[in-house]
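Here are my notes on the model, written for someone who will have the chain open while reading. Please go through the points in order.

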Amino acid sequence: MPYLILAGVLVFVIVLAIQYWYIVLPIALLVWAIAVAPRVIRHIRKNRYFSSDEFLARKDAIAAVVAEHNAIAGYTAEMRARGSFDIGASSTGSHAHLATYENTSRHGYRRDRNVAEFGASNVHNCSLQVVRNAATDPLKYVMKYFEIKPTEETLADVERLGDGIARLENAVANLQHRENQIVGSFNPPPFILRYYEDEFMSHVGVKLPEVRIPYPEYRFEYVSAGGNSSQRTSLSFNTPTIDALIEALSQKIKFSKSAAGQRALMTAKLREFIKRRDGYACKSCSVSVAAEPNLLLEVDHIVPVSRGGLSEVTNLQTLCWRCNRTKSNKVVAVNL
Ligand SMILES: [Zn+2]
């Protein structure tokens with residue numbers, strides 16, 4: 001019924017508009033001009049700005065800074081491509097791909113508003129009670145249902161994951177800082193940043209990196225039999241979560257009196273400790289934050305983990321991204 005009224009009103013308006021076109025047409029043109037003209041003007045101003053001598057001179061002056069930014073962006077992409085950012089898998093659904101699921105209900109029942117994700121290894125399908133408990137005690141439940149066992153190997157894996165995530169976070173933060181400085185040094189008119197930020201970056205020559213960090217995410221999911229309700233608990237493995245998991249695993253291992261319980265744990269705290277110990281300077285080429293405020297520093301295993309190196313304080317050092325990239329390229333080449 002409301003549709004009928006709406007259609008009636010619409011027809012009435014159209015008839016009126018046709019009858020009084022000599023009034024409606026100029027008004028429509030005016031509205032169109034008001035809506036479109038600012039965009040056209042903005043477009044012309046933008047093109048004028050990007051071809052201005054001031055912009056081009058600034059671009060030349062800052063070329064080296066942009067080149068360095070782009071090199072780090074490339075390095076970040078390498079990290080992303082080489083790293084593996086998952087750990088543990090749910091026991092439910094590991095063979096789900098063998099079966100076919102079909103909703104065969106009649107009478108137009110909408111039974112699949114919520115369909116369980118049986119195939120995903122990062123989703124544990126469970127009862128409502130487990131979803132609730134997982135929200136209260138996430139680490140305990142993630143260890144239990146995603147087969148993250150308190151062993152030294154798992155601990156080393158989680159530490160490696162944490163290291164990879166932290167390096168990416170570190171590099172992305174460094175890049176964002178550099179981008180802000182580049183934009184700041186141009187000080188473009190506000191409308192440029194408001195409407196043409198990406199175009200501005202591409203004119204300057206800045207390659208914008210992928211800034212999303214691939215945090216592994218684990219879910220406990222309950223879907224009711226009718227598919228009408230669904231509840232979930234999600235746990236994202238960011239640095240605080242990974243560090244807490246490292247501590248929890250280490251505590252459990254310590255109980256069984258194994259060697260891993262004795263060593264330092266590769267957490268954000270330890271990484272910061274190493275950088276401070278080394279005076280925020282690269283142990284290989286000696287470049288320091290004091291000399292280069294935007295320097296991207298990383299914590300490196302002197303003997304790589306892949307060759308049995310441990311996360312001991314004595315096996316860790318601070319390297320700048322350039323030296324670390326050279327070193328990890330060599331390690332990759334040797335391992336191939
Ligand atoms: Zn260096």
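1. Basis of the note. This is a predicted model, in which local features need pLDDT of at least 70 and side-chain atom pairs count only at pLDDT 80 or more, whereas totals for chains, interfaces and linings use all residues. Residues are numbered from 1 along each chain as its sequence is written.

2. The chain as a whole. The secondary structure of the protein chain comes to twelve helices and five strands, where helices (H or I, at least four residues) and strands (E, at least two) are DSSP runs numbered from the N terminus. Of the 336 residues, 22% are buried, a residue being buried if 20 or more other C-beta atoms lie within 10 Å of its own, exposed if 12 or fewer, and partly exposed in between, with C-beta atoms placed from the backbone. Among contacts with a separation of 6 or more, 73% join residues 24 or more positions apart; a contact requires C-beta atoms, placed from the backbone, within 7 Å.

3. Helix α7 against α10. The axes of α7 (residues 152–186) and α10 (residues 239–255) come within 10 Å and cross at roughly 160°, the axes being lines fitted to C-alpha atoms, for helices over the stretch in contact, with angles from 0 to 180 degrees between N-to-C directions. That angle makes α7 roughly antiparallel to α10, because angles over 145 degrees count as roughly antiparallel, under 35 as roughly parallel, 65 to 115 as roughly perpendicular and the rest as oblique. The contact includes Leu155, Val158 and Ile165 in α7 and Ile242, Leu249 and Ile253 in α10. Its residues divide into ten nonpolar, four polar and four charged, with Ala, Val, Leu, Ile, Met, Phe, Trp, Tyr, Cys and Pro counted as nonpolar, Asp, Glu, Lys and Arg as charged, and the others, Gly among them, as polar.

4. Helix α4 against α7. The axes of α4 (residues 63–82) and α7 likewise come within 10 Å and cross at roughly 160°, which makes α4 roughly antiparallel to α7. Among the residues that make this contact are Val65, His69 and Met79 of α4, together with Leu168, Val172 and Ile182 of α7. By class, the contact of α4 with α7 has eleven nonpolar, three polar and three charged residues.

5. The three-stranded sheet. An open sheet has the order β1-β2-β3 with mixed pairing, where two strands pair if DSSP finds at least two bridges between them. β1 and β2 (residues 217–223) pair in the parallel sense over three bridges, and valine 123 has arginine 219 in β2 as its bridge partner. β2 and β3 pair in the antiparallel sense over seven bridges, with arginine 232 in β3 as the bridge partner of glutamate 221. These two strands, β2 and β3, form a hairpin with six residues between them, and glycine 227 in the turn has a positive phi of about 75°.

6. Strands β4 and β5. β4 (residues 297–301) and β5 pair in the antiparallel sense over five bridges, and glutamate 298 stands opposite leucine 319 in β5. Leu316, Thr318 and Cys320 point one way from β5 and Gln317 and Leu319 the other way, and all are buried.

7. A loop residue. Glutamate 147 lies in the loop between α6 (138–145) and α7. Is glutamate 147 buried or partly exposed? Glutamate 147 is partly exposed, with 13 other C-beta atoms within 10 Å.

Notes
Two residues are in contact if their C-beta atoms, placed from the backbone, lie within 7 Å.
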